[in-house]
Amino acid sequence: MSQDEKFHDDMGDNHIASSDATPLRSDAFDRTDDEKIESIKKDVENILNTLGLDLTDDSLKGTPNRVAKMFVKEIFGGLNPERKPKSSTFDNKYKYNEMLVEKNIVVYSTCEHHLLPIVGRAHVAYISNGTVVGLSKMNRIVEFYSKRPQVQERLTIQIVNELKRVLNTEDVACIIDAKHLCVNSRGIKDIESSTVTAEFGGRFKEESVRKEFIEFIKLETKF
C-alpha cells in the first residue's frame, strides 16, 4: 500500500471531514439522472463480475440497475440542488417566542468513507425572531442533507446553517445521535457504540438555553 493510500485509509477510519460543504465538482450536474444511472449500472456490473458473481442468475441480473437507481434517486438524491425542499416561512402571528424543538427525526445517511449506512436520530431546535417554518420542513431539511455521502459532523452543521438561512436567525441548534455501520459492522465491529454531534448557534451557545434544549430532548413522548 502506498503512503497516499494509507493516509486516506487512516482518514476514513478516523471520520475526518475536509470541509463543512459537500465536496462536489463543478461538472457534477452536467449529466442527467438517466445518464448517471446508465454509467453507474456498468460500474456495478464490473464490481459484481470482479467478485465472481453470476449476473445471469435471476436474483442478480437486475442488481446493477437497482443499485444505480438507488444511488441517483434515493440514497444520494440530496446531492441534487433541484431536490432541495422549498422552506416557506410564516409570520409568527401567535407570538410564540420560546424554543421550538422537533426531536427524534429519523436520519438515514451514508458514510462517505466506506459507503455504509449511518442510522440515527436528529433533534433540531430554533427560537423565532419573528418567523416560523412548517414542522415537516425541518424533517425534510434533515432528510435532504442526509441523502448524500456524509460525515456526521458536516451533516449537523449543514442542517443548522440551512435553518439559519431559512429563518434568518442565528438561534438554531441540532444534535444527532447515530450508529455508523462502518464502525458497527467492520473495522472494530463495535455494535453498541453510537456517535453524537452537536452544533449550537446564537443563544444556544448560552449554557442555560443549551441545557433547556437537552432537557426537552429527554422528555418521553406519550400518546
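## Basis

The model is predicted: local features need pLDDT of at least 70, side-chain atom pairs count only at pLDDT 80 or more, and totals for chains, interfaces and linings use all residues. Residues are numbered from 1 along each chain as its sequence is written, and side-chain values use heavy atoms, with hydrogens and water left out.

## Domains

The chain splits into domain 1 (31-74) and domain 2 (83-218). These bounds come from an automatic or database domain assignment. Between the C-alpha centres of domain 1 and domain 2 the distance is 32 Å.

## Largest pocket

The largest pocket holds about 780 Å³ of space. A pocket here is an open set of points on a 1 Å grid over the protein atoms alone, where a 1.4 Å probe fits, with protein on both sides within 12 Å along at least five of seven lines. Lining residues have an atom within 4 Å of a point. Volume is the space filled by probe spheres set on the points, which are joined across faces, edges and corners.

The lining of the largest pocket has 24 residues; L24, K36, F76, L79 and P149 are the closest to its centre. Two elements give two or more residues to this lining: α2 (33-50) and α3 (63-75). Helices are DSSP runs (H or I, at least four residues) and strands likewise (E, at least two), numbered from the N terminus. α2 gives the most, with five residues. Both domain 1 and domain 2 supply at least three residues to the lining of the largest pocket. By class, that lining has 11 nonpolar, four polar and nine charged residues. Nonpolar means Ala, Val, Leu, Ile, Met, Phe, Trp, Tyr, Cys and Pro; charged means Asp, Glu, Lys and Arg; the others, Gly among them, are polar.

## Second largest pocket

The second largest pocket holds about 150 Å³. Its lining is I40, D43, V44, I47, L48, V67, F71 and L115. Again α2 and α3 are the elements that give two or more residues. α2 gives the most, with five. The classes are seven nonpolar, no polar and one charged.

## Helix α4

Helix α4 (residues 135-146) has 12 residues, so at 1.5 Å a residue it should span 16 Å; its end C-alpha atoms are 17 Å apart, which agrees. The expected span is 1.5 Å times one less than the number of residues.

In α4, M138, I141, V142, F144, Y145 and S146 are buried (under 20% relative accessible area, 1.4 Å probe, protein chains only). Their cover includes α3, β2 (99-111), β3 (117-127), β4 (131-133), β5 (149-150) and α5 (152-167), with contact meaning heavy atoms within 4.5 Å.

Notes
Buried < 20%, exposed > 50% of the residue type's maximum accessible area, 1.4 Å probe, protein only.
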